[in-house]
Amino acid sequence: MTDPRHPDGFDEAFRARLARIADVLVPAYEGMPAASSVGIDGDLLDKALRARPDLVADCRRAVRECADPPSPQALEQLAATDPDGFGALMVLVLGGYYISAEVRKLLHYAGQEALRIDVGELPAYIEEELIDEVIGRGPIYRRPPPDDPQSSQD
């Protein structure tokens, strides 16, 4: 029976194992936190799974197949034997990591921002008359030399 708290089948033991693997993929380094310390085994994983539900089975398989305790060598072996599983694990771990508010703050990345575009405003190349000479010149077309292989592709 599926745990109602984890409809994806990723129970606490599974998530703890995934967190250990995630820390090998994204260890703490030069002021950046390790994946587990930002909660990759909790809400961040859930958000990543909602965005990519197609990766659940591959991720589940990869976590189960990876040696425990994980190591860089174990992950290299996983990448060689199960590239789809390794890829799913990478997408979900890194995707979850980079949507962490703490990580985004440390990277000085506020996220995507809506930009207001004034449809009445002219682009700089028109406003500054940078394109006037090209427009005034009119269309220019030169035939390629007869021995050009692209000229016979008409």
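Where is leucine 122 found?

A: Leucine 122 is found in the loop between H6 and H7. This is a predicted model, in which local features need pLDDT of at least 70 and side-chain atom pairs count only at pLDDT 80 or more, while totals for chains, interfaces and linings use all residues. Residues are numbered from 1 along each chain as its sequence is written, and side-chain values use heavy atoms, with hydrogens and water left out.

The helix names follow DSSP runs (H or I for helices, at least four residues; E for strands, at least two), numbered from the N terminus. The loop that holds aspartate 118 lies between helix H6, residues 101-106, and helix H7, residues 124-127. Leucine 122 counts as partly exposed because its relative accessibility is 45%, where buried means under 20% relative accessible area, exposed means over 50%, and partly exposed covers what lies in between, using a 1.4 Å probe and protein chains only.

Leucine 122 also belongs to a nonpolar patch on the surface, together with Tyr125, Ile126 and Leu130, and these residues have about 400 Å² of accessible area together. A patch is made of residues with over 30% relative accessible area and no salt bridge, with nonpolar side chains (Val, Leu, Ile, Met, Phe, Trp, Tyr) joined within 5 Å and like charges joined within 9 Å. The areas come from the Shrake-Rupley method with a 1.4 Å probe, and for residues only the protein chains shown count as cover.

Aspartate 118 is partly exposed because its relative accessibility is 47%.

Histidine 108 lies in the loop between H6 and H7, where its phi is near 60°, a positive value in a residue other than glycine, and with a relative accessible area of 74% it is exposed. Isoleucine 117 lies in the loop between H6 and H7 as well, and it is exposed at a relative accessible area of 70%. From C-alpha to C-alpha, isoleucine 117 and valine 134 are 26 Å apart in space, although they are 17 residues apart in sequence.

Moving away from the loop, we can turn to paired charges. Side chains of opposite charge can pair when their charged atoms come close. In this model a search of the whole structure finds six salt bridges, each being a side-chain nitrogen of Lys or Arg within 4 Å of a carboxyl oxygen of Asp or Glu. One of them joins aspartate 46 to arginine 15, with the closest N and O atoms 2.6 Å apart; this pair links distant parts of the chain, with aspartate 46 in helix H2 (residues 43-51) and arginine 15 in helix H1 (residues 12-25), 31 residues apart.

Another salt bridge is formed by the side chains of arginine 61 and aspartate 82, at 2.7 Å from N to O. Because arginine 61 lies in helix H3 (residues 56-65) and aspartate 82 in the loop between helix H4 (72-81) and helix H5 (83-98), the pair ties together parts that are 21 residues apart in sequence. Aspartate 82 is buried at 7% relative accessibility, while arginine 61 is partly exposed at 29%. Arg17, Arg20 and Asp68 are linked in a network of salt bridges, and aspartate 68 is also joined to proline 69 by a cis peptide bond with omega of about 10°. Proline 69 is found in the loop between H3 and H4.

Finally, there are the rings. A search of the whole structure finds two aromatic pairs, counted when ring centres of Phe, Tyr and Trp (its six-membered ring) lie within 6.5 Å, with planes under 30 degrees apart called stacked, over 60 edge-to-face and the rest tilted. Tyrosine 97 and tyrosine 98 have ring centres 5.2 Å apart and planes at 85°, so this pair is edge-to-face. Tyrosine 97 is buried at 3% relative accessibility, whereas tyrosine 98 is partly exposed at 45%.
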